[in-house]
Amino acid sequence: MRIAVLSDIHGNRRAFEAVLADLRQVAPDLVVHGGDLAAGGAHPAEIIDQVRSLGWPGVCGNTDEMLWAPERLTEFSDANPKIANILAMVQETIAPTVASMGKERLRWLQSLPPLYSHEGFALVHASPGDLWRAPMPNASDDELRNTYKSLNAPLAVYGHIHCPFVRRLPGMTIVNTGSVSQSYDGDTRASYLVIDGEELNIRRVEYDVRDEVEDLLRSGLPHAGWMARILLAGKYCAPE
């Protein structure tokens, strides 16, 4: 069975459409999403509508949760004072994003579960029981194993950190899908995972980043220029 797992679309229509075109070539039997569908881009409502119409199962992400529970972002900020100024900027994007989505789409996001399990693998957005924290690609084997062993799955899949990798450990494999939008690994292309039996492939898909940036800059979203620089660089950029 061939399964595609994609995460962190962040309201990016062109990246999502490019991945959809690539999926038609890959022809998976199942597509699953890893959350963070709407916030952080110019097309939050459109992405939600498309994912819903496709009927893909999936999980809730932290930027999905913050849209109906902004206090969770506040709690995370209080626990991480070094990045409080950045999180305050993210906070300012919540109200306009929710306004553009409407209450019904917000309720649908709220209905997403924290965990998706399938024969042979388990998917969470970040880590079990925590939508906001996850190991980085340079995490030790022990950190990865201790974080995901409670899933009791031979393959643990997550998103959140926007940096794809595959780590094979004794008795289990940990995979990060990367992100459809806002890559942090220096590659501007969209990223997603294909599981084909024992074979695990991270696919990278080109899209028109500059056109998407133009949409973002016209969107009126607070701090759109900062998010645009991240898209163009393919890596995290500190606010100016």
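This is a predicted model: local features need pLDDT of at least 70, side-chain atom pairs count only at pLDDT 80 or more; totals for chains, interfaces and linings use all residues.
Strand S1 is mostly covered, four of its five residues being buried. Strands of a sheet pair through backbone hydrogen bonds, either parallel or antiparallel.

The loop between helix H1 (13–26) and strand S2 (30–33) contains Ala27, whose phi is near 55 degrees, a positive value in a residue other than glycine. Ala27 is partly exposed, with a relative accessible area of 47%. A positive phi in a residue other than glycine is also found at His160, where the angle is near 70 degrees; His160 is placed in the loop between S5 and S6 and, at 16% relative accessibility, counts as buried. Most residues other than glycine have a negative phi.

Among the helices, H4 (70–79) and H5 (84–91) pack at an angle of about 170 degrees, with their axes 9 Å apart. An angle over 145 degrees counts as roughly antiparallel, and H4 is therefore roughly antiparallel to H5. The contact is formed from Pro70, Leu73, Thr74, Phe76 and Ser77 on the side of H4 and from Ala84, Leu87, Val90 and Gln91 on the side of H5. By residue class, this contact of H4 with H5 comprises six nonpolar residues, three polar residues and no charged residue.

In helix H6 (residues 94–101), the residues Ile94, Thr97 and Met101 are buried. These three cover an arc of only 70 degrees around the axis, which puts them on the same side of H6. An α-helix has 3.6 residues a turn, so residues three or four places apart point the same way. The exposed residues Ala95 and Ala99 are carried by the face of H6 that is turned away from its buried side. The cover over the buried residues of H6 is contributed by several helices, including H2 (44–54), H3 (62–68), H4, H5 and H7 (103–110). After H6 comes Gly102, with a positive phi near 90 degrees.

An open sheet of five strands is arranged in the order S3-S4-S5-S7-S6, and its pairing is mixed. Strand S3 (116–118) and strand S6 (165–169) stand at the edges, each having a single partner strand, so that one side of each is left without a neighbour in the sheet. From one strand to the next, the twist averages 15 degrees. Helix H8 (residues 141–148) lies across strand S5 (155–158), S6 and strand S7 (172–176), and runs at about 90 degrees to S6.

Leu169 lies in strand S6 and is buried, with a relative accessible area of 7%. Apart from neighbours within four places in sequence, Leu169 is in contact with Asp141, Leu144, Arg145 and Ile174. Although Leu169 and Arg145 are 24 residues apart along the chain, their C-alpha atoms are separated by 7.9 Å. Thr173, in turn, lies in strand S7 and counts as buried at 10% relative accessibility. When residues up to four places away in sequence are not counted, Thr173 touches Pro154, Leu155, Ala156, Val166, Arg167, Arg168 and Leu200.

Terms used: Residues are numbered from 1 along each chain as its sequence is written. Side-chain values use heavy atoms; hydrogens and water are left out. Buried means under 20% relative accessible area, exposed over 50%, partly exposed in between (1.4 Å probe, protein chains only). Helices (H or I, at least four residues) and strands (E, at least two) are DSSP runs, numbered from the N terminus. The arc is that of the directions from the helix axis to the C-beta atoms. Contact means heavy atoms within 4.5 Å. Axes are lines fitted to C-alpha atoms, for helices over the stretch in contact, and angles run from 0 to 180 degrees between N-to-C directions. Angles under 35 degrees count as roughly parallel, over 145 as roughly antiparallel, 65 to 115 as roughly perpendicular and the rest as oblique. Ala, Val, Leu, Ile, Met, Phe, Trp, Tyr, Cys and Pro count as nonpolar, Asp, Glu, Lys and Arg as charged, and the others, Gly among them, as polar. Two strands pair if DSSP finds at least two bridges between them.
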